[in-house]
Amino acid sequence: MIRVVLPQHLRTLAKDDGEVRLDVEGRATLGSVLDALETRYPMLRGTIRDHITQARRPFLRFFACEEDLSHERLDAPLPEAVVSGAEPLYIVGAIAGG
Amino acid sequence: MSSVRVLVGTRKGAFVLTSDGKRKQWEVSGPHFAGWEIYHLKGSLVDPNRVYASQSSGWFGQVIQRSDDGGKTWEAPGGGVTMTPGGMPSGESNRFVYDASPETGKPLTTHQWYDGTQRPWEFKRVWHLEPSLTEPETVYAGVEDAALFRSTDGAKTWHELAGLRGHGTGPKWQPGAGGMCLHTILIDPKDPKRIFIAISAAGAFRTDDGGKSWKPINRGLKSQYIPDPDAEVGHCVHRIALHPSRPNVLFMQKHWDVLRSDDAGDSWHEVSGNLPTDFGFAIDVHAHEPETVYVVPIKSDSEHYPPDGKLRVYRSRTGGNEWEALTNGLPQSDCYVNVLRDAMAVDSLESCGVYFGTTGGQVYFSGDAGNNWSPIVRDLPAVMSVEVQTLR
């Protein structure tokens, strides 16, 4: 079970105010977690990564275990602490704009 | 009993202002979609409870929202937990994908960038939503980078009307300061296959076959900021308006100049007349008097505020050229707000109501066609759009 913490605006859009818990089949990667997230919350498709290119939106970051995973490959395995549910995957909005 | 519903899009959410037909007391609801930029909301004429909203953010991109109860509750159409027959989630309502060339599979065309180089189209956001005048499930979206999309399933899925970008002038289009946006969509109420659109900075275009083919309609426009001032395309048209009873007559607020066409855009002539400045964004037509037109003059393209610090709506009762300042109830000193292109609207009650919103967060209202004004609200976030539904 993977825990995902969404930024506030995406929690509102998903109409789910809590931490998201996802079951991911097979090896958990950033890509498979995002696939599972968008399957449960279709309204989030396009808000985290581009519909077509799957590129991360520029003002979003992926953090876990005090590391920045934003530049990791989508098929790279997530840290064991995230896979086990001990630590959440954070999707974070940049400190930018107004 | 008549009533009005004013749909206000702001930099930080949407607001719905409602009143009975007297328009004396107002109820304010919102912010809806708090913290998001709401470029535009608009209700359907066929089903007034159906309202569409464009919600966007620099962080999270574009989301389309829809209400079926007049703006009380909202959903992202197709964004619920519904599955297609193939078992895939169907959250497609925020997916705007440009058509590619059928021959090559590559982008249909490119456009000019600020430095003169060519760039492919890249979707940014929806500027304007225009519900069909006859079909409640059909709605058009004007987007940045400039293109026109249509949904025929209540905004669940979108498809580009690619004949607009594909007709050949795309490489000459270029972004204005606000981006390369398709911001105006006018459907001819007498002929739904005729649609007018406008793009900054490309100009105005018309289709007569429901969006399959398009042609530029910019003859008569003169723009000193492009190499050929009367070029076929390249003009920064800010807004077009028409009266439903006479859709061949169009009024245009260009970057500079207010213009009029009496032949559905085939030719234009300037009607700026005695305006203190002919720069501006908003333009609209009285609900019952097709020759009565409203603009809000703005000082210049580098000073986006009213001349002399006086917020004045100008009204022409002669279809242009002769303009009178309307000032009663509007600030006449130290006022430096802007009124954006989609931020003016009229209701169709017996005494025509005129509404406009400012970047200072005020929404002003006149219940007597502009003679007297008062604010409905004073302290919203910067107002980006104002639309009015007259409910009977």
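This is a predicted model: local features need pLDDT of at least 70, side-chain atom pairs count only at pLDDT 80 or more; totals for chains, interfaces and linings use all residues.
Chain B holds the two sheets described next. Strands of a sheet pair through hydrogen bonds of the backbone, in either a parallel or an antiparallel way.

One open sheet of chain B has three strands in the order E4-E5-E6, and their pairing is antiparallel. Strand E4 (37–43) and strand E6 (61–67) of chain B are at the edges with a single partner strand each, so one side of each has no neighbour in the sheet. From one strand to the next, the twist averages 15 degrees.

Another open sheet of chain B has four strands in the order E3-E2-E1-E29, again with antiparallel pairing. Its edge strands in chain B are strand E3 (27–32) and strand E29 (383–391), each of which pairs on one side only. Here the twist averages 15 degrees from one strand to the next.

| Strand of chain B | Partner strand | Bridges |
|---|---|---|
| E5 (residues 51–57) | E6(B) | Seven |
| E2 (residues 13–20) | E3(B) | Four |

Which residue of E6(B) is the bridge partner of B:Tyr52? The partner is B:Arg66. In the four-strand sheet, B:Val16 stands opposite B:Ser29 in E3(B).

Note on methods. Residues are numbered from 1 along each chain as its sequence is written. Chains are lettered from A and ligands numbered from 1 in the order in which they are written. Side-chain values use heavy atoms; hydrogens and water are left out. Two strands pair if DSSP finds at least two bridges between them. Axes are lines fitted to C-alpha atoms, for helices over the stretch in contact, and angles run from 0 to 180 degrees between N-to-C directions.
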